[in-house]
Amino acid sequence: MTRGVTIFIACTAVIAIAPFVADNYVVRLCTFLCMYAALALSWNVIGGYAGYPSFSTAGFFGLGAYAGALLQHAGMNLVLSWLAATVVVAVLAASIGCFILRMKGHYFAIGSLAIVEVLRLIASSWASLTGGGDGLNVPILQGGPDFAGRVFLFSMMAMMIACFAMTIAVDRTRLGFGLRCIKQNEDAADMVGIDVTSYKTAAFALSAMFCGTIGAIYASWVAYIDPSDAFSSLLSLKVPVMTLLGGPGTVLGPVVGAWVFVILEEMIWAQFLELNRAILGIVIVLLIFTLPGGLLGLRLPAWNWRTVVGLRNRVPEAQ
Amino acid sequence: MDVLQILVNGLMLGALYACIAVGFSLVWGVLNVINMLHGSFIVLGGYLAFFAWRDLGLHPLISLVGIAAMLFALGWVLQYGLINHIVARPVLTTLTLTFGLDMIVYNVMTLAFTATPRRIALDLGVLHASDVVVPVDRIIAMVLALVLTSLLFLLLRTSSLGRAIVAVRMDRDAASLMGIRVERIYAVTFGIGALMAGACGSLLAVVYPVTTMMADQFLGKAFVVCVIGGLGSVPGALAGGLALGLIESVSGHLVGPQHAMTIGFSLMILLLMTRPTGILGTQGYE
Amino acid sequence: MSTAVLEVDNLSRAFGGVQAVNGVTFALTPGEIVGLIGPNGAGKTTLVNLVTGVVSPSSGTVRFGGRDVTRQRPWQAARNGLARTFQVVQPFPEMTVLDNVAAGALFAGRAASRADAEAQARDHLSFVGLAYEAHRPAAALPLPGRKRLELAKSLAMKPKVLLLDEVNAGLNTGEVEQALTLMRAIADRGITILIIEHLMKVVLTLSQRILVLHRGKLVSEGEPKAVIQDPVVIEAYLGRKFAERQNKLANA
């Protein structure tokens with residue numbers, strides 16, 4: 001465990017130096033690295049640990065984005081608006097969770113997708129509040145592009161670190177253990193004394209609220225959001241894929257997956273803009289057929305990932 | 001607007017929705033796979049019909065057969081080659097795979113056909129009956145949709161292939177013990193799903209402008225119909241389709257057509273929470 | 001009756017048109033071993049489901065340790081000290097045997113920490129004889145092993161009352177003998193046991209008292225010797241041949 005944490009801290013430190021040694025392009029990339037790592041880590045709680053295939057990331061991300069944007073419009077201080085947006089999303093997620101977590105498997109997945117759709121449609125139609133399809137402008141941070149770049153890099157980094165810490169906390173405590181039991185066999189988990197409903201709702205809310213904060217930060221960063229941007233189903237697809245790429249149900253998996261994905265995306269398919277989606281699709285197909293356990297699940301004979309990273313949960317492979 | 005007109009509109013829409021959804025429902029019910037490609041298959045069918053009409057001069061009714069065959073082949077290959085291998089994996093995996101495949105198909109279509117809306121304008125005039133006005137092309141589309149759906153129903157009920165498909169839906173292992181080649185059945189079923197989607201797409205191209213951006217909407221409608229009507233059964237898809245068509249027609253009249261999707265989805269969420277098996281459906285897999 | 005640890009009063013449950021459990025009343029005193037027998041479909045598992053909160057009763061009450069727990073959820077029953085095993089074993093398949101039992105200790109057994117739960121789990125695994133399998137995934141165990149895993153998990157939950165639902169189904173004679181020894185050891189710990197069984201040998205050897213369920217109703221109750229002579233029970237379940245054999249054994 002500590003080896004993985006060390007690696008994480010080392011990489012984070014490298015990212016932290018970026019604004020002082022590299023140009024704005026790199027800073028922007030690093031900000032995305034942190035953002036997606038944080039999103040993947042959040043998703044991991046409900047999708048990786050609890051095993052509920054959620055496609056609702058974009059829903060809570062967008063909700064946080066709009067909440068943060070609107071609060072900023074109302075004059076609230078930047079960081080305060082982010083925190084307030086987090087609370088809003090947490091509360092909403094807990095309420096939605098009460099209903100949607102009654103479903104399982106496919107039904108849950110569709111339900112979570114539907115949440116995103118409905119939220120997007122509401123944002124588009126409630127023009128008086130959200131500006132509808134025209135989108136919402138967010139007050140730009142004063143201080144120039146370099147300063148802003150740094151602020152948002154460190155904000156996203158803080159989120160990534162927070163999500164990482166949250167994941168470790170979940171992994172080591174009763175909550176994580178309970179969620180793993182729920183994933184294996186929900187009825188047996190119930191019989192063994194786990195309050196399944198509360199645990200699932202907690203996982204869902206935890207997962208959602210960090211997405212909310214990240215969305216709020218994102219809104220402030222890009223200074224303009226509209227419904228299709230904030231509630232993008234592509235985001236809802238990419239985030240689980242990143243976690244699957246790295247290794248679901250582990251602490252470092254989402255981070256590894258997110259970083260590899262973002263860098264790949266930047267290098268390869270941002271160059272082929274038109275084939276953007278197709279390449280994502282091909283990556284997904286390859287991922288599913290060649291990396292069933294994600295990158296951290298690879299059993300490379302020469303160097304054993306698990307020893308290097310040391311951060312898998314302790315379940316030995318089934319024969 | 002006349003109540004009768006709203007009803008008729010709803011039923012015509014509903015027949016199309018039923019046809020859209022029945023292939024999707026079959027695949028979900030039998031394979032336990034949610035086919036995210038379904039919407040794209042529909043659009044593909046529509047585009048192929050359009051280009052057959054515009055560039056080859058083929059009447060949609062004629063090209064329908066060819067398009068159905070092509071899409072069946074496409075579906076069959078995808079299933080046998082790719083999806084069959086991961087059918088037993090958890091929901092997240094199958095959903096993500098079909099999502100990913102959809103990305104590829106969508107992208108290729110957008111590049112090949114561009115997103116310009118295409119519609120086959122047959123100009124067949126309108127029919128007047130009492131106070132109700134119905135465009136003839138819609139009637140034809142609706143009738144054909146119902147014909148296709150009925151053909152599928154007959155196939156499932158009377159042919160040995162159909163019985164095999166139903167057997168696999170009920171119990172995959174037992175079917176396999178009976179000597180049914182389950183992987184082949186899966187491939188055929190997925191092929192049929194694609195066929196229905198493509199055929200329906202051709203019909204839709206006669207009635208509405210088709211563009212790649214509609215793929216998501218069609219998929220969404222298919223979901224809603226399945227949840228309303230239940231999984232894996234043709235009567236279920238029919239009931240669900242007609243119900244959705246009527247609901248959209250009525251709500252479109254009351255609050256405006258732009259909210260139709262929201263209402264559909266909200267209804268679906270409500271049903272998922274209270275009665276996920278739908279009005280008529282057999283209990284799908286989870 | 002205030003000393004009864006589990007009291008079931010006029011418990012009923014119907015599913016659609018079928019009355020699965022019909023006005024069942026009984027009580028368990030601490031430390032007893034009670035057998036529950038009856039033909040398939042009599043409602044035995046439904047009764048257990050009702051008591052543990054998996055299914056809610058149409059009418060009637062369940063009292064545990066004097067408190068009304070009719071509306072409890074399964075996890076609450078577990079935490080209160082009511083554990084059960086499943087007819088079709090329900091482990092956490094990909095988790096290790098140790099983790100499976102530790103789960104019982106950690107949640108229902110209210111262990112102080114993961115480490116504590118694991119220590120307790122090791123004890124329980126030794127008790128049932130599975131210590132050497134501790135690090136294998138539960139799905140890798142053969143059936144007798146899985147049954148013992150269920151037992152260990154239930155024990156880790158520190159139950160006051162243990163409901164064993166056909167724990168011996170699928171075991172051969174030797175394995176049943178081992179299971180019997182285990183169950184006696186569990187009873188010696190002071191845990192009240194309600195055992196649902198088809199193997200009359202097990203029921204007769206272990207039980208101090210037998211309840212007979214038929215079509216959802218309690219048709220007989222009492223000491224084993226008396227119950228197996230009861231003509232209602234013979235008619236409904238045991239069969240004449242069994243009764244004759246028992247008579248021969250008794251008179252021999």
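This is a predicted model: local features need pLDDT of at least 70, side-chain atom pairs count only at pLDDT 80 or more; totals for chains, interfaces and linings use all residues.
In which strand of chain C is C:Asn10 found?

**View 1. C:Asn10 in strand E1 of chain C.** The residue belongs to strand E1, which covers residues 6–15 of chain C. The backbone angle phi of C:Asn10 is near 55 degrees, a positive value in a residue that is not glycine. C:Asn10 counts as exposed because 12 other C-beta atoms lie within 10 Å, and a residue with 12 or fewer such neighbours is placed in that class.

**View 2. C:Arg110 in the loop between H3 and helix H4 of chain C.** Helix H4, on one side of this loop, comprises residues 114–128. Phi of C:Arg110 is near 50 degrees, again a positive value in a residue other than glycine. There are 13 C-beta neighbours inside 10 Å, so C:Arg110 is classed as partly exposed.

**View 3. The contact between chain C and chain A.** Chain C brings 24 residues to this contact, and chain A brings 20 residues. On the side of chain C that touches chain A, the elements giving two or more residues are helix H2 (74–80) and helix H3 (97–106) of chain C, and H2(C) supplies the largest share of that side, with 4 residues. Sorted by class, this side of chain C consists of 15 nonpolar, 4 polar and 5 charged residues.

How values were computed:
Residues are numbered from 1 along each chain as its sequence is written. Chains are lettered from A and ligands numbered from 1 in the order in which they are written. Two residues are in contact if their C-beta atoms, placed from the backbone, lie within 7 Å. Ala, Val, Leu, Ile, Met, Phe, Trp, Tyr, Cys and Pro count as nonpolar, Asp, Glu, Lys and Arg as charged, and the others, Gly among them, as polar. A residue is buried if 20 or more other C-beta atoms lie within 10 Å of its own, exposed if 12 or fewer, and partly exposed in between; C-beta atoms are placed from the backbone.
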